[in-house]
Structure formats: structure tokens, C-alpha cells
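Here are my notes on this model. Please read them with the coordinates open.

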Amino acid sequence: MAEKPLETLKRILQQEARLGYKDRAVLGGLKKLAVNWGNNALKAARTEQERVRIQEVIALLRCYSDLQSTKERKSAIEKLISLIEAPLPPVPKTPVTRPQPAPAPAQKHPTPPPVKKPAKTPSRGWGLDSPIITLSGVGRKNAERLKKLGVFTIRDLLYLFPRRYVDYSTLKTINQLQYGEEVTVIGNVWDVNVREAKSGITLVTCVLADGTGAIEITWFNQPHLANKLKPGHQIVVSGKVSEFMGRLTFSSPEWEPLDKELTSTARIVPVYPLTKGLHPRWLRKIMLNTIKYWTKRIQDPLPEQIREARGLMDLGTALSQIHFPDSQELLQKARHRLAFDELLLIQLGVMRQKFAWQAQPGRAIEVDKEFVRQIIAALPFELTNAQRRALNEILTDISRKHPMSRLLQGDVGSGKTVVALIAMLVVVAEGYQAAMMAPTEILAEQHFHTVTELLGRMELTHPRTGEPFSPRVRLLIGSMKPSEKKKVQEELAAGEVDIIIGTHTLIQEAVEFANLGLAIIDEQHRFGVRQRAALRQKGFYPHVLVMSATPIPRTLALTIYGDLDISLIDEMPPGRQRVKTYVITPLERERAYRFIRSQVEKGRQAFIIYPLIEESESIDAKAAVDEYERLQKEVFPDLKLGLLHGRMKGEEKEAVMEAFRRGELNILVSTAVVEVGVDVPNATVMMIEGAHRFGLAQLHQFRGRVGRGTHQAYCILVADSDSPEAYERLKIVESVHDGFELAEKDLQMRGPGEFLGTRQSGLPDLKLARLTDIRMLEEARAVAMEIFREDPELKKPEHKLLKEAVERLWRAETVDIS
């Protein structure tokens, strides 16, 4: 082997790594080194294998300077060094042969077959996770453009799926063409003309004939086509048949020479997402070359027996057919396989999280059943059967040696907070601390008020000492004064706080617990997995209970919260009346105002909500301010109105909410910050402006803010959209009062991304799969459970690729285990 040149190069590469991958190890950079070093190394090579290895190294060196990020360059240097160090296969010894007599000369020599050139590899010797710039034909500018589409590696390109397709697979002769159809014709170019219209637009016209007839084709502002379309050449044209002055024509269709491989005509043509500067023809060409090379080499992570049992296409074929389908049937099969993969990998990911978390050593907390009965008896109301069932499941979990990981799900007002409070009291009685984290300060303050008020009305004795039991409860939120926060933090670290209630402030570094035993996270879908993991890390593998008032269909919940056991409170407390809901038009707004006034005259209170759009929160807050002023001056000048929105400071929001709770305000004008956490039993009217801007589940959350007292409550939805679909959506809320049924319909209409907030859910992005596809979801879960029962850590050789695929999919997210 050519030891000297390769050893020299290895030292240079190590120096480049020491210098921080800045392409300064040699004068002129590694690109220039590739030429000089490469020539010497090739001369010194003694075998064909060595020459192939050196040529591969040269190719990698040439593109090193074009790599933009330190991460990409580091990966390149590591690849080069591993290539240099990898042993070559032994050169087979040439057998000694005796000289043979020369054959008699033949009378005629047949023409030797032409030497077939090896297919051009679209990648310069790299793997699927290599930077996209390593593909032949991808320069620095287009690599940067592709990055805007999320394409950083060759693998990313393979998984950049078409957003739609144009079916040009129908081939017709010119005399068969009909107006309005999308077809393909093949013909000879007869004539080509270029002219400039009065408007300044350049027109290229071409007459195409195929023996059955002729048709005129026009392209706009593409003068270069005149040099490419030569009379006598055969071309393929695909597009929509249009009409001009009574004659059939094509206007700016796709076209390609007949003698080249077709990517844009005469087939089902993929249409990819693009960004400025990326041309569809260029992207299709790069994609076709990449697909042809890599789909034959890609390894399928799904074991063959599973593929056969489920009738799934192999991965290479699926990738080939999703990009360049041979038929609609094969396209659907490819889509099914790739969507199945996504759901399977998600299921395996969440199952591994659950397995990893429950494998950690936990603390078995003793549950004194007599003390639990004492707490329940001291409550000023009866627990429902659903609450008792959920409580038993939680208490059983915390008494075990591995950490609890459970989701408590229940509709608005079903009594989740009380169940959580009982669990916290049991934990505190055994000498541990409990924490409750809420997504907003308003909700954290609401929980604090609820907990302290309930404890103030309960007389409890400690199960061990028999002395009065009164846990020390504190609030910790961002808007508190620094001195107040510091005092609470010190008390918490010293073990002088039993129950802490707060926002994301609880997971900041400055917050330390003396002995955290139970962590409760409310409105789970509003926290990413990072916050959830951070709260878990505050204790020695504490028990974790997450709560959600947003009803999520069970199959979807098993996917999103597959690492959690699920408890469901599906029963409302006795005495809760159904909130009467009405959809009105803007013309009926005055009537709604009169109704609100009549409720206020009876001593009740009302909410009026305005839409909040996250992307431009300040605009919607300003709209709420304007409407507040209008309502106060023109509609309710004699009533007391309050204003609440997300741009207000914490203490301002709390002051407004406290005034509304005490009945000092008749009407609260607000943005969506009241969706969760505002509990005012005297409020009986919820009027929602721009109701079509909210999801059905969110409207149900708003509706749950009223009707919490003994009086009949009402929800008024103002449909200020002209869309019949938007009106029909709101009519569903008017007639359906079950949160889970509404959630199902909302999920079907909006999809899981909007339903949950894509990044909020903590799930990897889905490219093809739909979480509304219940049948596929259940099939993927069944396969995942089958694999997991047999090999929970995916250690078996046949699951090695599957394990890598799971880790790759979840790499972008912080895995929710610690």
C-alpha cells in the first residue's frame, strides 16, 4: 500500500482538526492539496484497490472547502481518516501457469462488445448522512437553498417527498387531443419562431407534428428555447391542452428531448416544495440520479418477516416509487409503506422512553389507606366514581418501586385538580415534597388559590403523629419580586415547603428541592419534552403525573403519550349544568349585548373573548384593547369592564383577575389567555368573537370557563366569516357537548399539527403519516408492541437498523428520559 502519501495526508488531516476545521492546515486549502497529493499517491499505488481508495480520498478532499459548517467539516475529516485507516482486502496471488501453445489464427475476428462504462455515482464516495454538497451537480449555492427546505444530507434529500403530482402518463396523438385535458404528445419539431409582443414579453412558438396532425406551442419569456428546439428533432411535450382563436394549443408546457431519460414529461411527474433560486427541473434531475443510485444500496430497517406479514413494499422500492411512480397504485403502496415507518418509529420511540424511565430506581411511597379516606371525607363535596378510579390508579403507581409515569385526562371541570391534591397530600405525609407546574401564571395562581382554599376548609391529622396536618404551600412564578422568589427558593431547598405551585420557573437552575417525590405537570400538551424532562431531573426519579383538560382521542393519546399510562376522568361532578351554546352572525351582536346586560342585572358576570394569533400576538392584543374601549364607551358605559391580554405584566393580570373573582368587574374583555385556569363560579356568559379562528377543542375549553356555579350558563359564538364551512364547524360546537367527541371532529378537520401545536407535542415531524389514520396507527402500534415484547432494547442483530432509525427520527427532540 502507498504508505508514505497516506501517512502524510493523515498528519495533515489531524492538524486540520487541531486548527478547528478552518481549512488552514496547508497553503491553499485541502482542495488544492487534492491535486498535488493525489498525483503522487496514484503514482505510488501498487494495486487497483489502492487506486480506487485514493481516488475516493481525492474526491472527498476536493469538496472539503465547499462545506460551510464546522459540523460538516468535522464529519468529513473523520470520514477521510477512517478511509485511510481501513484495511484493504488482500491481493490474490497470481497462479503460476505453464505457457500454452498459441491458438490457430481465426479467419474472422468478431467485433468485441463495447466496454460498458460504470454508471455515474451521484455521490462522491460518501454515505447517506453525508452533506448534500457531496452529490454531483449540487454546488454551494444550491446546497444552501436546499437547506432552507430542511435538506442537509443525502438521506434528507431522499425523504424530501413531493407535495403533489401531475399525471402526464396519458399519451395521445395530436388528433385525439381535447380541450382541458392534461396529456403527453410525442412529435417532430417543424418550425420555431421568436418574437416580441407589444407588451415586451418574448414569445417562442413551435409547431409540433406527429403524423396525425400538428399543434402550436407557446412559451413566454424563455428566448433560450429557440436554440434548443431544432426543426427535425423529436420532443416529448406534457401539459394542459388550451385553446386560442378556436384552435387547440399548448401554453408553456413541460418538454424534454425524446432521446433523454424523461423526468418532467410522459409520466406521473413529482412536484417538490421549492425555495427561491431552486428550479423544479434541476431538482427532479438531481433527485432521479440520487434515487437510481441509493435505492439499490439502502438497507431496509424493517425485518423481512414483518414486511411480508403486513404486505409492505421494501424500502428501496418505496422511495423510488414515492418520487417517480410508475403508476398510481404503486404510488399508494409506497406512501403506505413510508407512512407506516413513521408511525412505527414513533411508537417504538415512546415505548423505549417508558421502558427506560420505569427501569430507573424509584421510591415506593407508602399509601396509608385510612389517611386517604380521611382526606376524602374532609372534602366539601363527594368524589365521582371516575375520580375515585383515577385516584386509585395513581396511588397504586406511587406505592411501587419504579417511578410513576401517568397521564390524567379529563374534560373541563371534571375534577382533576382535586385528585392531584389528594396524591400530593399522601406524598407530603410521608416526608416528601410535591410540585405542580402550569403553563401560564394565571393557571398557576388559579391552582394555588384552589389548593389553599380547599386545605383551609379541611381539618386533617397526620397519619403517623396524630397531630394537625397542614402542608406548607408556596407559589413561585416569574412575575414575583426577586426577593420573594429567592425566599421561596431557599425555603424549598431547606425542606420548609411541602407543596410548590408554579410555572416554568420551577425548572430553572436556581430552583432546588430538598426531597421531591411527586411532580405534576398541568396542561401537558403546552410543554415540550425538554421542560418535562427538566422537572423530572429536580428529584431522584420522582413520580410524574401529567394532566390535560384538552380531550385527546385515545388512539392519538397512545401515540403522543405512549410513554405514559392513561387515567381518564370521564364523569362530571353532580350538579354541573350543560352550557347552552348558540352560534350567531355579526348582525345579531347587539342582541347578544342585551342578553349580557340582562345577566349582569341578575348579579352575574360575563366574558367577551377576542382571537389571539400566536404569530402576531401584539396585533390581537391591540384589537382587544380597542374593543375594550369601544365596549366601555359605547355599549356598556354604566358597567365595570376589565381587560386581560398576554402583553400585560403578571401583577397587572393578577389584579384584574382578582377583581373579576371578587365581583368588582361585571365583564372581562380578554384574549385567549383565559382558555385555561380562570375559575369564576358567578360567570354565566362566554361570548367569543371571531369564533371561527379557534379549533373546536379550544372553543370547548372557553365554554368550560362558565357554568361552574349553580346558575345556568351560556356560550355565544360569533361567526364573522363568510365561509359556509366555518359556520358548519361552529354549529358542531353548538350541538356537541362531549369534549372527546369534539376532539375527534377537531382532529379530523385540522389534523394533529394544528390540534396540538406541532412543536408543542414533542413528536418528531411527520412527512406522510396522518395521526387521524386510526387503522394504520393501530397496525403500527401492534407491530411495535410485538417487536418490543421480544426485544425492548432493540439489541438483536435483526433490529440493529431499526434501532438506528428510531434514534435518527427522535434525534431532533430531547428524549423524555433521564
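1. The structure holds 2 cavities of 30 Å³ or more. A cavity here is a set of points on a 1 Å grid over the protein atoms alone, where a 1.4 Å probe fits but cannot get out. Volume is the space filled by probe spheres set on the points, which are joined across faces, edges and corners.

2. This is a predicted model: local features need pLDDT of at least 70, side-chain atom pairs count only at pLDDT 80 or more, and totals for chains, interfaces and linings use all residues. Residues are numbered from 1 along each chain as its sequence is written, and side-chain values use heavy atoms, with hydrogens and water left out.

3. Which residues line the second largest cavity? They are Asp-66, Leu-67, Gln-68, Glu-72, Ile-132, Ile-133, Arg-140, Ala-143, Glu-144 and Lys-147 (lining: an atom within 4 Å of a point). Helix H5 (residues 140-147) gives the largest share, 4 residues. Helices (H or I, at least four residues) and strands (E, at least two) are DSSP runs, numbered from the N terminus. The lining divides into 4 nonpolar, 1 polar and 5 charged residues. Ala, Val, Leu, Ile, Met, Phe, Trp, Tyr, Cys and Pro count as nonpolar, Asp, Glu, Lys and Arg as charged, and the others, Gly among them, as polar.

4. H10 (residues 315-323) is mostly covered, with 7 of its 9 residues buried (buried: under 20% relative accessible area; exposed: over 50%; 1.4 Å probe, protein chains only). The cover includes helices H6, H8 and H11 and strands S1 and S8. At the helix start, a side-chain oxygen of Asp-314 reaches to within 3.2 Å of the backbone nitrogen of Gly-316.

5. Leu-315 lies in H10. It counts as buried because its relative accessibility is 3%. Beyond four places in sequence, its contacts (heavy atoms within 4.5 Å) include Tyr-159, Ile-298, Pro-301 and Leu-338.

6. H12 (residues 369-378) buries Phe-371, Val-372, Ile-375, Ile-376 and Ala-378. Down the axis of H12, these fall within an arc of 165°, so they line one face (arc: directions from the helix axis to the C-beta atoms). They pack against H13 and H14. Lys-369, Glu-370, Arg-373 and Ala-377 are exposed on the other side. At the start of H12, a side-chain oxygen of Asp-368 comes to within 3.0 Å of the backbone nitrogen of Glu-370.

Technical notes
1 Å grid on protein atoms, 1.4 Å probe; cavity = no way out; pocket = protein on both sides within 12 Å on 5 of 7 lines; lining within 4 Å. Polar contact = N/O pair within 3.5 Å; in protein donor to acceptor, adjacent residues only side chain to side chain.
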